[in-house]
Amino acid sequence: MSAGLVQTYCAMAHNNAWANHRLLTACAALSQAEFEAHRTGFFPSLQRTLNHIYIIDLFYIDALEGGWLGPAAWKNEVPFPALATLKPAQAAMDKRLIAICDALTPSGLNDIVKVNRDTRVQTERRDRLLMHLFQHQIHHRGQAHAMLSETSVAPPQLDEFFAEGEAPLRASEFAELGWTEETVWNS
């Protein structure tokens, strides 16, 4: 049986967390200087790009949870200067997004989310806001992936989406995250 729409959002949230885990684990092999080094990208370093992902996750996840944080989310452009503090913060943020998706219902996908834009309130359907957030994460992880390829650390493969036949290849990473295949597909 195919995954329903709600299950698809849950799988997307898990895939997002897995991709972040893979990318941040690879980046852990970098020195602080390499992490901060100027590189080509919209945010010109791995440090700034990965912090940007966290900040925008914070902004939208807060809104999806009913919060009102708004633009205060980006008052500090690098809230986690070192990867050692960024990685657990991003993992906690990813868990919040998974919890949001785990709580979804088919009718709840149509709920309106209010987003504090400081000077106005943006209203978006929950499903559209989630799709926007997933696309944002994928876009900037791609930039970070390209930046990492400029270092001596091999960038991890991020272009996979839980192919059933490749489950054994990700089993150890799922174990690190406290998941199984059933965790992802039976949320």
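**View 1. The largest pocket and the 13 residues that line it.** Ala 17, Ala 91, Asp 94, Lys 95 and Leu 177 are the lining residues nearest the centre of this pocket. The model is a predicted one, where local features need pLDDT of at least 70, side-chain atom pairs count only at pLDDT 80 or more, and totals for chains, interfaces and linings use all residues. Residues are numbered from 1 along each chain as its sequence is written, and side-chain values use heavy atoms, with hydrogens and water left out. The pocket has a volume of about 180 Å³. A pocket here is an open set of points on a 1 Å grid over the protein atoms alone, with protein on both sides within 12 Å along at least five of seven lines, and a lining residue has an atom within 4 Å of a point. Grid points are joined across faces, edges and corners, and the volume is the space filled by probe spheres set on the points.

**View 2. Who builds the pocket lining?** Helices H1 (5-27), H4 (83-102) and H6 (167-177) each put in at least two residues, and H4 gives the most, with six. Helices are DSSP runs of H or I with at least four residues, strands are runs of E with at least two, and both are numbered from the N terminus. By type, the lining splits into six nonpolar, three polar and four charged residues. Nonpolar covers Ala, Val, Leu, Ile, Met, Phe, Trp, Tyr, Cys and Pro; charged covers Asp, Glu, Lys and Arg; the others, Gly among them, are polar.

**View 3. The largest cavity, with about 50 Å³ of space.** A cavity is a set of grid points where a 1.4 Å probe fits but cannot get out, and the count of those with 30 Å³ or more comes to one. Its lining is made of Asn 20, Leu 23, Leu 24, Leu 50, Ile 53, Leu 86 and Gln 90. H1, H3 (46-64) and H4 each supply at least two of the lining residues, with H1 giving the most, at three. Five of the lining residues are nonpolar, two are polar and none is charged.

**View 4. The hairpin of E1 and E2, with four residues between the strands.** Strand E1 (residues 112-116) and strand E2 (residues 121-125) run antiparallel and are joined by five bridges; strands pair if DSSP finds at least two bridges between them. Look for Lys 114, whose bridge partner in E2 is Thr 123. Asp 118 sits in the loop between E1 and E2, and has a positive phi of about 75° although it is not a glycine. Is Asp 118 buried or exposed? Asp 118 is exposed, with a relative accessible area of 61%; exposed means over 50%, buried under 20% and partly exposed in between, with a 1.4 Å probe and protein chains only.

**View 5. Phe 162, in the loop between H5 (126-148) and H6.** Phe 162 is another residue to check for backbone angle: its phi is near 50°, a positive value in a residue other than glycine. Phe 162 counts as buried, at 5% relative accessibility.

**View 6. The chain around these sites, with seven helices and two strands.** Along the sequence the pattern reads α-α-α-α-β-β-α-α-α. Of the 187 residues, 48% count as buried.
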